[in-house]
Amino acid sequence: MKEIIRLENISRDFVMGEETVHALRNVSFTIHEGEFVTIMGTSGSGKSTLLNTLGCLDTPTGGEYYLDGVSVRTMGKNDRATLRNQKIGFVFQSYNLLAKTTAVENVELPLMYNSAYSASARKQKATKALIEVGLGDRLNHKSNQMSGGQMQRVAIARALVNDPAMILADEATGNLDTRTSYEILVLFQRLHAEGRTIIFVTHNPEIANYCSRNILLRDGRVVSDTMNNNIKSAAEVLAALPKNDD
Amino acid sequence: MNLTNLIRIALKALSNNKMRGFLTMLGIIIGVASVITMLAIGEGSKGSIQSSISEMGSNLIMIQPGGDDERRGPGGVSRSAASMETLKMADYESLLNESKYLAAVTPSVNSSGQLIYGANNTSSTVYGVSPDYLTINSRAVDDGMMFSEQEISSAAKVCIIGTTVAEKLFTNGEDPVGKVVRFNKIPFQIIGVLKSKGYNSMGMDQDDLVLAPFTTIQKRVLAITHLQGMNASAIDESYTQQAIAEITEILRRNHKLKASDSDDFEIMSMDEILSTMDSVMSMLTLLLGSVAGISLIVGGIGIMNIMYVSVTERTKEIGLRMSIGAKGRDILAQFLIEAIMISITGGIIGVIIGAILAYLAGMLVGFSATIQPWTVGLAFSVCTFTGVFFGWYPAKKAAQLDPIEAIRYE
């Protein structure tokens with residue numbers, strides 16, 4: 001299997017006045033193509049810092065980070081922006097869709113920052129991504145006309161549109177009710193089954209049951225890294241849930 | 001990221017906030033419209049004053065008695081009687097015979113009073129002139145003929161009247177030529193009627209006058225031997241300065257003035273009056289324009305203010321754009337283009353409104369307000385500059401946001 005992510009002794013220190021906070025201490029792991037990994041930890045465990053590092057939003061103070069074979073540590077701001085644009089699909093807890101903007105336009109956004117795509121190619125790819133997440137009938141709905149679950153699907157379509165090396169989800173179900181959370185998990189499991197690499201950062205231990213691998217962080221260190229051989233089906237759980245009244 | 005996409009993004013952002021965009025634009029609209037209107041009114045009134053002056057004959061040279069010294073007395077009223085009588089017949093003859101640069105020269109004496117014909121009367125001014133008057137003032141006799149040199153030497157009691165005078169005295173449509181009118185109890189035979197010239201742009205009726213031989217007015221009406229003034233015209237407008245120098249030289253010689261003496265006469269050319277008027281009007285236009293320009297700056301500050309609020313308000317959006325691959329310069333460009341679009345759209349609307357206002361103002365005042373292409377060009381470049389200048393700082397602030405903090409900003 002191809003290596004998507006390789007972390008070698010990653011550390012990240014923040015200097016706060018006279019004090020130095022070690023958010024990450026010698027974190028090392030490798031994620032291969034097609035894995036569905038949860039990164040868990042309580043707040044203060046270094047989870048967010050790791051997410052920022054993996055997402056090329058931040059650079060580590062020490063160690064080496066290879067994303068799809070490219071060393072990120074020494075990259076400048078602009079190069080990291082290009083890397084994010086081409087290799088990473090972000091899904092955020094609060095969706096972060098543009099207001100008063102249609103689903104297609106929201107999904108097109110990453111391609112807008114890639115001059116390789118023409119306007120028609122953008123639209124085509126965005127439409128395809130939206131169909132993939134099950135919103136083929138809501139292409140031109142504006143973000144304020146959609147439910148939370150639909151908005152998160154648009155956000156996932158936006159993360160898929162640039163064919164990224166990995167999807168980086170940050171508490172992607174955190175703002176959703178139980179049923180919708182499972183719907184989103186079903187979608188993630190389907191994407192996983194299609195061979196995509198997904199990293200799901202969360203503090204909710206339940207999510208781990210639906211993923212292929214769990215990494216647990218505490219105080220900036222990896223305390224456990226286990227493969228899950230008994231992946232639960234989110235679709236089955238969803239079917240067993242009582243139907244909503246509305 | 002290419003420019004088309006950036007413009008698309010900026011347009012989208014603006015259309016999401018139409019009301020705010022419009023209000024921001026309003027500052028620019030008002031600024032540009034007032035600059036355009038003020039400059040157009042300034043140019044228009046300058047043009048109208050120029051045309052009214054050149055109607056009087058653009059190469060007209062006026063010679064008046066009394067030098068600068070007398071004119072500058074306390075309160076400006078201390079012109080002595082003697083100083084007003086420095087121009088004599090001999091001066092006129094010298095100019096007539098010796099000058100090389102003058103095409104025509106006429107003495108000028110005048111008297112105002114009542115003209116009577118039968119039961120009708122009107123008050124007007126009788127100008128005592130020579131036939132050259134017609135050339136100098138670009139007038140023509142429509143009906144009848146001008147008096148001749150012979151009638152001048154005999155101080156004949158003949159006159160030419162303007163159409164306004166003719167209408168007032170000959171109310172039942174008689175032919176004025178050949179009739180006798182009385183002015184100051186002196187009978188004058190009408191030998192011609194001047195071709196009508198209408199009102200000049202200062203609102204003076206140019207047909208309310210009577211012309212008579214200057215000798216007649218001097219001897220029979222005013223009983224004086226000096227001249228109240230002389231009018232002349234240079235052979236060509238471009239020779240005005242030479243003509244003035246020549247007149248000065250001849251008159252100084254005639255008046256036996258020493259080198260240290262100042263002139264006891266004053267020469268004004270239309271050229272000089274025109275250029276004085278011109279500089280006064282330019283001053284005024286500049287003043288109006290800069291007052292209007294201040295409102296443009298205020299409008300620019302409005303843009304800056306709104307862009308600032310916009311950057312803060314859209315921090316999360318900026319964070320998102322950055323996390324999906326927007327570089328700092330993409331964000332900078334996006335906000336800068338938004339600012340420039342606001343200011344240029346405002347500029348276009350402002351030019352249109354300014355043009356309409358200038359036209360309306362022109363109609364109201366009665367001259368054509370001229371919008372010069374350079375004022376439109378100026379307005380546009382100022383708008384673009386305003387957009388860049390006032391948009392830069394907020395845009396720079398947006399571009400320098402940290403994506404990690406921006407995306408989590410609430």
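The model discussed here is predicted.

Q: Why is Lys185(B) called exposed?
A: Lys185(B) has 9 other C-beta atoms within 10 Å, and the cut-off for an exposed residue is 12 or fewer, so Lys185(B) is classed as exposed. Lys185(B) lies in the loop between β6 (180-183) and β7 (186-194) of chain B.

Q: What makes the phi of Lys185(B) worth noting?
A: Most residues other than glycine have a negative phi. Lys185(B) is not a glycine, and yet its phi is positive, at about 70°.

Q: How do you know whether Asp163(A) is buried or exposed?
A: The count for Asp163(A) is 11 C-beta neighbours inside 10 Å, and because a residue with 12 or fewer is exposed, Asp163(A) falls in the exposed class.

Q: Which residues are in contact with Ala157(A), leaving aside its neighbours within four places in sequence?
A: The contacts are Val107(A), Ala129(A), Leu130(A), Glu132(A), Val133(A) and Leu135(A), where a contact requires C-beta atoms within 7 Å of each other.

Q: What makes α3 (residues 103-112) and α5 of chain A a crossing pair?
A: The axes of the two helices come within 7 Å and cross at roughly 35°, and the crossing of α3(A) and α5(A) is right-handed. In this pairing Ala103(A), Asn106(A), Val107(A), Leu109(A) and Pro110(A) of α3(A) meet Val154(A), Ala157(A) and Arg158(A) of α5(A). By class, the residues of this contact divide into 6 nonpolar, 1 polar and 1 charged.

Q: How do you know whether Ile215(A) is buried or exposed?
A: Ile215(A) lies in strand β9 (residues 213-218) of chain A, and its count is 23 C-beta neighbours inside 10 Å. The buried class takes residues with 20 or more, so Ile215(A) counts as buried. Leaving aside its neighbours within four places in sequence, Ile215(A) is in contact with Phe29(A), Val37(A), Thr38(A), Ile39(A), Val222(A) and Asp225(A).

Q: How many residues does each chain give to the contact of chain A with chain B?
A: Chain B gives 20 residues and chain A gives 23. On the side of chain B that touches chain A, the elements giving two or more residues are α1 (3-15), α11 (315-323), α12 (328-365) and α14 (403-407) of chain B. Among these, α11(B) gives the most, with 5 residues.

Q: What is the make-up, by class, of the side of chain B that touches chain A?
A: This side has 9 nonpolar, 6 polar and 5 charged residues, where Ala, Val, Leu, Ile, Met, Phe, Trp, Tyr, Cys and Pro count as nonpolar.

Q: Into which domains is chain B divided, and what separates their centres?
A: Chain B is divided into domain 1 (3-52 + 276-407) and domain 2 (108-226), and the centres of domain 1 and domain 2 of chain B, taken over C-alpha atoms, are separated by 59 Å.

Terms used. Residues numbered from 1 in each chain as written. Chains lettered and ligands numbered in written order. Predicted model: local features only at pLDDT ≥ 70, side-chain atom pairs only at ≥ 80, totals over all residues. Helix = DSSP H or I, 4+ residues; strand = E, 2+ residues; numbered from the N terminus. Contact = placed C-beta atoms within 7 Å. Axes fitted to C-alpha atoms, helices over the stretch in contact; angles between N-to-C directions. Left-handed = near helix turned anticlockwise from the far one by under 90°. Domains from an automatic or database assignment.
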